[in-house]
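Subject: Handover of a structure and summary of findings

Dear colleague,

Please find below the structure that I am handing over to you.

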Amino acid sequence: MNGTVLVTSRSFGRGRADCERRLAAAGLRVVRGSTAHDLDALRPVLADAAAWIAGTAPITDEHLAAAPGLRVVARYGVGVDNVDLRAAAARGVTVTNTPGANSPAVADLAVGALLAELVAVVAGDRDVRGGDWRTRRGRELGALTVGVAGYGRIGRGVARRVRGFGAEVLAYDPYAPPGAADGVRPAASIAELAERCDAVSLHAPGGAVLADAAWLARLRPGAVLVNTARADLVDEAAVAEALRGGRLAAYAADTLAGEGRHDGPPAGSPLLAPDLADRVVVTPHIGAQTVEAVDRMGQGAADAVLDALAGRTPAHVVPVPA
């Protein structure tokens, strides 16, 4: 086997498993490129690439046109909304992903962020460092009803974890509703989560705003919202206003609109306003960044490349949307 594998995922091979060595041992040349998928920077490598292990930046038809020998795009992660799937299919390029590889890690982060907001961990740390030892009154997770929007692998993981604390769970997913054995009550709509839950965790795919001004207005006063999925699930300006108005007590996010810059905060995000610092906690898209998740995603992406280049069908081929 020979050919060039372009890698644009920052964390590929950065865990314990040496995924890059596996590819090299098969006779492949691994070249790392722009994580932002800057087309001009990638052109020289794309011209020779047989496979592409890609991060979250967009992959357009222009990228694919610059890679005439490309046979597989192995998404390092789950989401493929950044990949032009129709263009890939038209050019005979197989697209794969690594479903389930980062689910436990993201579920851990979602619950950890919720706990941190319920007892003001980050704000309390900031207070103490400033010499202020006044206490803030928090809430216990086990006393709450938690809504889960999106009941896939991550949503189910969050539900299992918060039920372990004693919380009641209400889940909404029109495509994968909870079953009777889950111990989770199904919700009839996303609006029902706002009306009946003390906290809501978002785990839906991107592409549609769930938390807009109308939905936020339905929330129980003092609710907490967690988003470890996609930035476009929320109207950030509306979330900021709900925080200022008291309808929303806290917001925790692992993603913001405009993320991807690595030389400063996302430009103009209303959620980074100084007056919201005590009620907003943001992490730099670290949900999948555990050693275990990095290894699972890396091994899955490497498997897909090796299978595709050997003429085998990879395990997780992404279907082209109708």
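This is a predicted model: local features need pLDDT of at least 70, side-chain atom pairs count only at pLDDT 80 or more; totals for chains, interfaces and linings use all residues.

Two strands are taken to pair if DSSP finds at least two bridges between them.

**The seven-stranded sheet**

An open sheet is built from seven strands, in the order β8-β7-β6-β9-β10-β11-β12, with parallel pairing. At the β8 end, strand β7 (residues 168-172) runs parallel to β8 and is joined to it by two bridges. In this pairing, A171 stands opposite P186 of β8.

Strand β1 covers residues 3-7, and four of its five residues are buried. β1 pairs in the parallel sense with strand β2 (residues 28-32), over five bridges. Within this pairing, R29 in β2 is the bridge partner of T4. Between β1 and β2 the chain passes through helix α1 (residues 19-25), and this β-α-β crossover is right-handed.

β1 also pairs with strand β3 (residues 49-54), again in the parallel sense, over four bridges. Here V5 stands opposite A51 in β3. Because six of the six residues of β3 are buried, this strand is largely enclosed by the rest of the structure. β3 is in turn joined to β4 by four bridges, and these two strands run parallel. W52 has V73, in β4, as its bridge partner.

The loop between β4 (72-75) and α4 (85-90) contains Y76. Is Y76 buried or exposed? Its relative accessible area is 6%, and because buried means under 20%, Y76 counts as buried. Y76 and A89 are 13 residues apart in sequence, and their C-alpha atoms are 19 Å apart in space.

**Two residues with positive phi**

A120 is not a glycine, yet it has a positive phi of about 55°. This residue is found in the loop between α5 (103-118) and α6 (121-129). With a relative accessibility of 17%, A120 counts as buried.

H285 is likewise not a glycine and has a positive phi of about 55°. H285 is located in the loop between β12 (280-282) and α11 (291-309). At 28% relative accessibility, H285 counts as partly exposed, because that class lies between the cut-offs of 20% and 50%.

**The second largest pocket**

A120 returns in the description of the second largest pocket, where A120 is one of the residues that lie nearest the centre, together with E117, L118, A249 and A250. The space in this pocket amounts to about 260 Å³. In total, 18 residues line the pocket. Which elements each supply at least two residues of this lining? They are α5, α6 and β11 (248-253). By residue class, the lining of the second largest pocket consists of eleven nonpolar, one polar and six charged residues.

**Cysteines and disulfides**

A disulfide is a covalent bond between the sulfur atoms of two cysteines. How many disulfides does a search of the whole structure find? The search finds zero. As for individual cysteines, C19 is buried, with a relative accessible area of 1%. C197 also counts as buried, at 1% relative accessibility.

Helix α10 (residues 236-245) contains A240. The relative accessibility of A240 is 0%, so this residue counts as buried. A240 and L276 are 36 residues apart along the chain, while their C-alpha atoms are separated by 7.7 Å.

Yours sincerely

Technical notes
Residues are numbered from 1 along each chain as its sequence is written. Side-chain values use heavy atoms; hydrogens and water are left out. Buried means under 20% relative accessible area, exposed over 50%, partly exposed in between (1.4 Å probe, protein chains only). A crossover is right-handed if, with the strands pointing away from the viewer, the path from the first strand over the helix to the second runs clockwise. On a 1 Å grid over the protein atoms alone, a cavity is a set of points where a 1.4 Å probe fits but cannot get out, and a pocket is an open set with protein on both sides within 12 Å along at least five of seven lines; lining residues have an atom within 4 Å of a point. Grid points are joined across faces, edges and corners, and a volume is the space filled by probe spheres set on the points. Ala, Val, Leu, Ile, Met, Phe, Trp, Tyr, Cys and Pro count as nonpolar, Asp, Glu, Lys and Arg as charged, and the others, Gly among them, as polar. A disulfide is a pair of cysteine sulfur atoms within 2.5 Å.
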